[in-house]
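I opened the model and went through it residue by residue. My notes follow in the order I made them.

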Amino acid sequence: MALVLGTVVSTAAADETTDQAVWLLQKSTLVHRNGFHNVLLRALRQMKDPSLEPLFGELVQRRHPGLRIHGILGLGEISDPPRLDLAMVADIPDAGTQAQLVSAALDSDLLSKEDAEQLTRWPGLDPAVRVLVAGKLIADGEALDPAILEEAKASDNVALWGMAALLRLQVGDETARADLERLSRSNSPRRDNVRALVLQTAIKYEFAVVSDWAVSIASEPGVDRTLRYQAMRAALKYGDEGAVALWERQMSGSDNEADRIRMAMLALDVADRLDARVFEVLAGDEVPLIDLVGRVGRSIASGRVDRAAVDELIGMNNILASRWALMYARGIAADDGETAGVVLMSIIRAADDEATRFKATRMENAVLASEILHAEVPGGGAVLRGAFADASEMLKEALLMGLIRSDGDRPDWVVKGMVFEGRTAEAMALLLRCKHADEMTEQEVASLALVVRGGAGLQEPLRIQAAWTYLKKTHQDRVALARVLGEQPDLR
């Protein structure tokens, strides 16, 4: 009797787990007013599992643009090699959706040079999408048909001809400089948004030709503060002769501490391109953070980064400084993995101090730091393993989240043999191990099933990954997808 009842209970739990897993997958295909479907679909795409092809293929057929974009990107990410399907791009009638898709594909390196060139030659392609792709090709040093930019130049869309002016200037058309100046004189209500877009593109693609135009924007009386910061960053980055002098005047002429900190951080962002003497302006500043930025910037500009000063700067728990440290570490990871590892570990340790100010932001920084440390820093996994030793439960969860997100090789090895006391951390470690395991033990299957059913308290983005992992490891994935998609399962 006990054996029979045990089998019945076990079967019932398994059925409930499968139903929950199917429901989570179905939930990701439904449009939520708060956009939560985007969160769930990003979690599924992060797994990069070719077995999810039927689900992504179904999303491509949906009318909702967001679902279609996720479907096309999902299919592109699981292709070998990863690649955007241009035929699917062509099937999208809405230019705005096309632009969103192509922009995301460019950011994710899903568009090859050959495919990008082919896109620019498509008849009937929206000019905005064509210019978007042209920018990437020009940045990569590829030749471009001048007619593409002439078409955009003739547009009455201020954003389109503004972007075309940037690209024309980059390929050597000096007459485009007058167009950028005309944009600055424009009375269009979109003027500043377009100028911000042009500057963002120039910074992203290293288009130094905007340096003098950026200085003119940063010098404008009454210019929007955010736009001024962006213009100043571009001007400093590309070494315009007047940029440093303007920066020094604005630093010394402002009595707003927040503004001066922001300006100091702008210089730190491009410290490797500046003369070390620039940072002497910050030395001994009455604001300790600014003085410290000066020390760090001077060391980077001199080619000998002061790791202790960077650690101290991160320890001040300033949002801008922590964001800079993350980007700095990622930028040097390939060339100086040792320094990158030291900086990332400083970010991780800073998240675990007793200060409550910006605690959530610091924990998110720790997530990103652990992801970068594992995926991009040689030997980062071993360094990260040591970080668990004296970490708080909250920090352990942040480190595990970074490993779950990591695209590096076998992130589960970092926590091999570890036992976690906290229920959430143990559930996250279980998910991490099961995602990368060839087989699971009966105990792991039972524990993962509990996670899927919500018994471990994980949020739904992790539960949906657990759900798909459970279905895969218990060989129910094809049947489950058939239920989600309303089809008869292919059991061959």
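**Ala456.** I started with Ala456, which is buried at a relative accessible area of 6%. Here buried means under 20% relative accessible area, exposed over 50%, and partly exposed in between, with a 1.4 Å probe and protein chains only. This is a predicted model, so local features need pLDDT of at least 70 and side-chain atom pairs count only at pLDDT 80 or more, while totals for chains, interfaces and linings use all residues. Residues are numbered from 1 along each chain as its sequence is written, and side-chain values use heavy atoms, with hydrogens and water left out.

I placed Ala456 in the loop between helix H25 (442–452) and helix H26 (460–473). Helices (H or I, at least four residues) and strands (E, at least two) are DSSP runs, numbered from the N terminus. I then listed the contacts of Ala456, a contact being heavy atoms within 4.5 Å. Not counting residues up to four places away in sequence, Ala456 touches Arg423, Thr424, Ala427, Leu450 and Val451. I also checked a distance: Leu485 is 29 residues along the chain from Ala456, and their C-alpha atoms are separated by 28 Å.

**Whole chain.** I stepped back to the overall fold. I counted 27 helices and zero strands in the protein chain. The radius of gyration is 26 Å, close to the 23 Å that the globule rule gives for 492 residues, so the chain is as compact as a globular protein of that length. That radius is taken over C-alpha atoms, and the rule is 2.2 Å times the number of residues to the power 0.38. Along the principal axes, the C-alpha atoms fill a box of roughly 85 × 55 × 35 Å.

I noted that 50% of the 492 residues count as buried. The accessible surface of the chain comes to about 23400 Å², and carbon and sulfur atoms hold 50% of that surface. Accessible areas come from the Shrake-Rupley method with a 1.4 Å probe; for residues, only the protein chains shown count as cover. For contacts between residues at least 6 apart in sequence, 62% join residues at least 24 apart.

The chain has 56 positive and 73 negative side chains, with the centres of the two sets 2 Å apart. Lys and Arg count as positive and Asp and Glu as negative; His and the chain ends are not counted. Each charge is placed at NZ of Lys, CZ of Arg, CG of Asp or CD of Glu.

**Leu384.** I asked myself: is Leu384 buried or exposed? Leu384 is buried, with a relative accessible area of 0%. This residue sits in helix H22 (residues 380–387). Beyond its neighbours within four places in sequence, Leu384 is in contact with Ile348, Ser370, Leu373, His374, Leu399, Leu403 and Val414. Glu371 is 13 residues from Leu384 in sequence and 9.6 Å away in space, C-alpha to C-alpha.

**Lys27.** I looked at a lysine in helix H1 (residues 2–28), Lys27. Lys27 counts as buried because its relative accessibility is 17%. His32, Leu40 and Glu460 touch Lys27, not counting residues up to four places away in sequence.

**Loop side chains.** I checked two polar contacts, meaning pairs of N or O atoms within 3.5 Å; within protein, one must be able to donate a hydrogen and the other to accept it, and residues adjacent in sequence count only if both atoms are side-chain atoms. Asn34 is in the loop between H1 and helix H2 (36–46). Asn34 is exposed at 65%, and a polar atom of its side chain lies 3.0 Å from the backbone nitrogen of Phe36. Ser155 is in the loop between helix H9 (146–153) and helix H10 (158–170). A polar atom of the Ser155 side chain lies 2.9 Å from the backbone nitrogen of Asn157.

**Backbone geometry.** Most residues other than glycine have a negative phi, and most peptide bonds are trans. I logged Asp109, which has a positive phi of about 55 degrees and is exposed at 60%. Glu206 has a positive phi of about 60 degrees and is partly exposed at 39%. The peptide bond from Asp80 to Pro81 is cis, with omega near 0 degrees. I found Pro81 in the loop between helix H4 (65–78) and helix H5 (86–90).
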